[in-house]
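Here are my notes from a first look through this one. Have the structure open next to you and follow along point by point.

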Amino acid sequence: MNEPIEPASQIHATQQRQRASQLAQAVRLELQKAVIGQDVVIDDVLSALIAGGHVLLEGVPGLGKTLLVRALARCFGGEFARIQFTPDLMPSDVTGHAVYDLQTEQFKLRKGPLFTHLLLADEINRAPAKTQAALLEAMQERQVTLEGRALPIAQPFMVLATQNPIEQEGTYPLPEAELDRFMLKVRMDYPDAAQELNMVRQVSRSTRADMLDVQPLRTVLQAKDVQALQRIASDLPLDEQVLDYAVRLARTTRSWPGLTLGAGPRASIALVRVARARALLRGGEFVIPDDIKGCALAVLRHRVRIAPELDIEGLEVDQVLKQLLDQVPAPRI
């Protein structure tokens with residue numbers, strides 16, 4: 001009996017998906033050359049890029065948060081800007097401002113570093129709330145209002161913000177509204193012993209004092225490639241049961257014992273979008289429940305609040321969420 005012939009459009013879509021997956025994996029390989037021992041973090045950041053979201057990177061100083069973003073910028077042919085957040089940073093230092101031109105006797109808009117493709121907001125929690133809030137409109141609406149004019153930001157646009165753990169001195173916690181704008185909150189932890197040995201071996205050979213050089217990395221992605229990846233990922237097939245699983249996870253946080261604040265609908269959307277990106281990154285033909293489960297901690301940890309009594313006992317948000325993930329049944333596909 002003859003095999004059924006696939007329509008040309010279906011074959012073309014499969015080829016496109018395979019090419020997109022290979023491109024995403026090529027970027028991953030480049031990043032792994034510069035950032036050793038953080039493969040899970042690299043996958044999360046790439047997933048957010050493909051899903052069209054923003055990332056909050058948290059970890060103690062010296063783990064390579066800024067290095068990872070610089071490495072990604074090196075692999076990406078678009079524009080890159082960096083803002084070092086400090087207590088005296090003003091909102092206009094981020095968005096831009098109007099400057100009076102003596103020659104024309106008119107005000108000219110001078111755009112701030114926010115007008116870029118890839119923005120590194122370094123140590124975002126060192127600046128007060130009004131400066132942090134300067135990012136809100138850009139992150140949600142992909143535009144900035146300056147002097148009453150709404151100016152669009154070039155696509156793709158991604159904010160990668162780093163922050164030190166909140167217990168450290170001289171930091172301002174991010175408000176819930178801003179935290180919710182970040183698709184993922186990624187925790188960067190210490191590398192294991194073998195990875196740290198490898199890192200020290202490579203860095204001590206480098207001409208740079210205490211870090212790996214990102215200069216040798218290849219430029220793999222252009223702005224149009226990122227947009228193509230985002231489009232292909234958003235078209236990946238998703239079974240209704242998997243969609244239901246994502247929504248159930250987000251909804252369960254709202255009534256889960258030990259959580260005083262649950263995740264909103266934006267979490268359900270983020271779970272699905274990041275899961276599609278993860279499926280593309282691993283070369284999958286469709287989204288599976290493990291794609292949802294694999295990104296759930298990064299999507300949910302900054303959108304829920306742990307009960308004070310559990311906090312006093314020393315329990316962390318991740319531990320409560322892992323219990324939730326173990327108990328909410330995943331569909332069998």
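**Notes on the model**

1. Start with a pair of residues facing each other across two strands: His 97 has Arg 110 of E4 as its bridge partner. Strand E3 (residues 96-101) and E4 run antiparallel, with six bridges joining them. Together E3 and E4 make a hairpin with four residues between them, and Glu 105 in that turn has a positive phi of about 55 degrees. Keep in mind throughout that this is a predicted model.

2. Is strand E4 tucked away or out in the open? Of its six residues (106-111), zero are buried, so E4 lies largely in the open. Lys 111 is worth a click as well: its charged end sits over the ring of Phe 115, 5.0 Å from the ring centre. As for aromatic pairs, the structure has zero of them.

3. Six of its six residues are buried, so the rest of the structure largely encloses E8. You can check this face by face: Met 158, Leu 160 and Thr 162 are buried on one side, and Val 159, Ala 161 and Gln 163 are buried on the other.

4. Which strands pair with E8? One is E1 (residues 55-58), which runs parallel to E8 and is joined to it by four bridges. Another is E5 (residues 118-122), also paired in the parallel sense over four bridges. To find these on screen, look for Leu 56 with its bridge partner Ala 161 in E8, then for Leu 120 with its E8 partner Leu 160.

5. Let's zoom in on Thr 162, which belongs to strand E8. Its relative accessible area is 1%. Buried means under 20%, so Thr 162 counts as buried. Leaving out neighbours within four places in sequence, its contacts include Leu 57, Lys 65 and Thr 66, and also Leu 120, Asp 122 and Glu 123.

6. With 22% relative accessibility, Glu 123 is partly exposed. Arg 142 is another non-glycine residue with a positive phi, near 55 degrees; look for it in the loop between helix H6 (136-141) and strand E6 (143-146).

7. Where is there a cis peptide bond? Check the link between Gln 155 and Pro 156, where omega is about -5 degrees. Pro 156 is in the loop between strand E7 (149-152) and E8.

8. Zoom out now. The protein is divided into domain 1 (11-224) and domain 2 (236-332). For the contact, domain 1 supplies 25 residues and domain 2 supplies 22 residues. Taken over C-alpha atoms, the domain centres are 24 Å apart. About 2,100 Å² is buried between the two domains, and carbon and sulfur atoms give 54% of that area.

9. Last stop: Arg 248, in helix H10 (residues 240-252). It is partly exposed, at 28% relative accessible area. Not counting residues up to four places away in sequence, Arg 248 touches Val 328, Pro 329 and Pro 331.

Terms used. Residues are numbered from 1 along each chain as its sequence is written. This is a predicted model: local features need pLDDT of at least 70, side-chain atom pairs count only at pLDDT 80 or more; totals for chains, interfaces and linings use all residues. Side-chain values use heavy atoms; hydrogens and water are left out. Rings of Phe, Tyr and Trp (its six-membered ring) pair if their centres lie within 6.5 Å; planes under 30 degrees apart count as stacked, over 60 as edge-to-face and the rest as tilted. A charge sits over a ring if NZ of Lys or CZ of Arg is within 6 Å of the ring centre and within 35 degrees of the ring normal. Buried means under 20% relative accessible area, exposed over 50%, partly exposed in between (1.4 Å probe, protein chains only). Two strands pair if DSSP finds at least two bridges between them. Domain bounds come from an automatic or database domain assignment. Contact means heavy atoms within 4.5 Å. Buried area is the accessible area (1.4 Å probe) that two parts lose on being put together, summed over both.
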